[in-house]
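Welcome, and thanks for taking a look at this chain. Please have the viewer open as you read on.

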Amino acid sequence: MESEKHSEMLSNLELDIVKKGFEWLSAQQIQSVKELSSTLSAHALWGLPNPYITRLILKQENDGSWNFSIRDTARACSALSTEGIVFMASGKWLLTRKRGNSWNDDVYDTAYALGALADMGTQDRSGCKWLYENYCPAWEQVGTTSLIIMALKKQENLAGSKDFDTFIREKAEWILSKRGQDGGWVYISTSNLAIQALLLAGFKDEIEDSVHWLLENAHKNGAWGNKEDDINATALALSILGLYKEA
């Protein structure tokens with residue numbers, strides 16, 4: 001019955017909003033690697049024609065990276081993986097940028113890199129342990145914690161392990177505790193990350209109110225954003241709706 005309830009909610013509320021969202025995206029000048037990656041992923045998750053694949057690949061550097069950036073390379077690799085495209089040179093580039101057990105001793109670089117490597121089928125246990133063992137109050141923010149959950153859960157799923165399951169569940173419940181009564185986490189970008197992490201962590205039933213909130217916060221033209229229409233926020237929202245539909 002729960003799955004029927006979710007499907008009914010999406011079929012009744014979602015289709016016009018999703019259609020408008022993709023129509024709005026198609027009218028935008030999308031240039032950055034970040035925006036191309038999120039837009040590519042959204043199209044892939046909804047099974048739509050994807051002209052963004054070629055556009056993203058054309059931005060790749062000769063060494064396999066994007067902008068010689070760990071985060072941009074990770075974003076691009078994760079996005080292309082949704083269409084079954086894996087560049088081994090890009091995975092190798094990411095691994096060569098690892099120093100010790102992390103990427104730049106930076107939680108964001110490390111989380112993005114681990115998530116992308118998992119999407120490409122590469123396990124990295126030492127990076128996961130670094131995230132887990134170094135979790136601290138400075139990282140205890142909804143967006144940051146969501147990225148950590150996604151990185152660890154993707155790596156766990158790939159390895160077929162439950163090594164970080166208790167940690168993931170505890171942090172997911174903490175994220176839920178920070179949710180507003182309306183179902184969101186104040187900012188659309190933070191909410192997108194939180195919903196995505198909770199969905200990946202297996203909290204689909206608990207995020208129904210948040211999906212309602214996401215649908216209700218679409219702008220009339222189909223875009224999402226805190227105040228202004230935002231390409232990345234729109235693409236991520238559409239991706240989340242696609243993931244929710246399939247979960």
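Predicted model: local features only at pLDDT ≥ 70, side-chain atom pairs only at ≥ 80, totals over all residues.

## S26 in helix α2

Let's begin with S26, which belongs to helix α2, residues 15-26. Its relative accessibility is 52%, and because exposed means over 50%, S26 counts as exposed.

The side chain of S26 has a polar atom 2.7 Å from the backbone oxygen of E23. For a sense of distance across the chain, take S26 and E216: they are 190 residues apart in sequence, and 21 Å separates their C-alpha atoms.

## E156 in helix α9

Next comes E156, a residue of helix α9, which covers residues 142-159. Is E156 buried or exposed? With a relative accessible area of 2%, E156 is buried, because the cut-off is under 20%.

The side chain of E156 comes within 2.5 Å of the backbone nitrogen of F164. Leaving aside residues up to four places away in sequence, E156 touches S161, K162, D163, F164, D165 and I168.

## Helices α3 and α5

Finally, have a look at how helix α3 (residues 33-45) packs with helix α5 (residues 70-81): the angle is about 20° and the axes are 8 Å apart. Because angles under 35 degrees count as roughly parallel, α3 is roughly parallel to α5. Their crossing is left-handed.

On the α3 side, the contact involves V33, K34, S37, L40 and S41, which meet D72, R75, A76, A79 and L80 of α5. By type, the residues of this contact are five nonpolar, two polar and three charged.

Conventions: Residues numbered from 1 in each chain as written. Heavy atoms only, no water. Helix = DSSP H or I, 4+ residues; strand = E, 2+ residues; numbered from the N terminus. Buried < 20%, exposed > 50% of the residue type's maximum accessible area, 1.4 Å probe, protein only. Polar contact = N/O pair within 3.5 Å; in protein donor to acceptor, adjacent residues only side chain to side chain. Contact = heavy atoms within 4.5 Å. Axes fitted to C-alpha atoms, helices over the stretch in contact; angles between N-to-C directions. Parallel < 35°, antiparallel > 145°, perpendicular 65-115°, else oblique. Left-handed = near helix turned anticlockwise from the far one by under 90°. Nonpolar A, V, L, I, M, F, W, Y, C, P; charged D, E, K, R; others polar.
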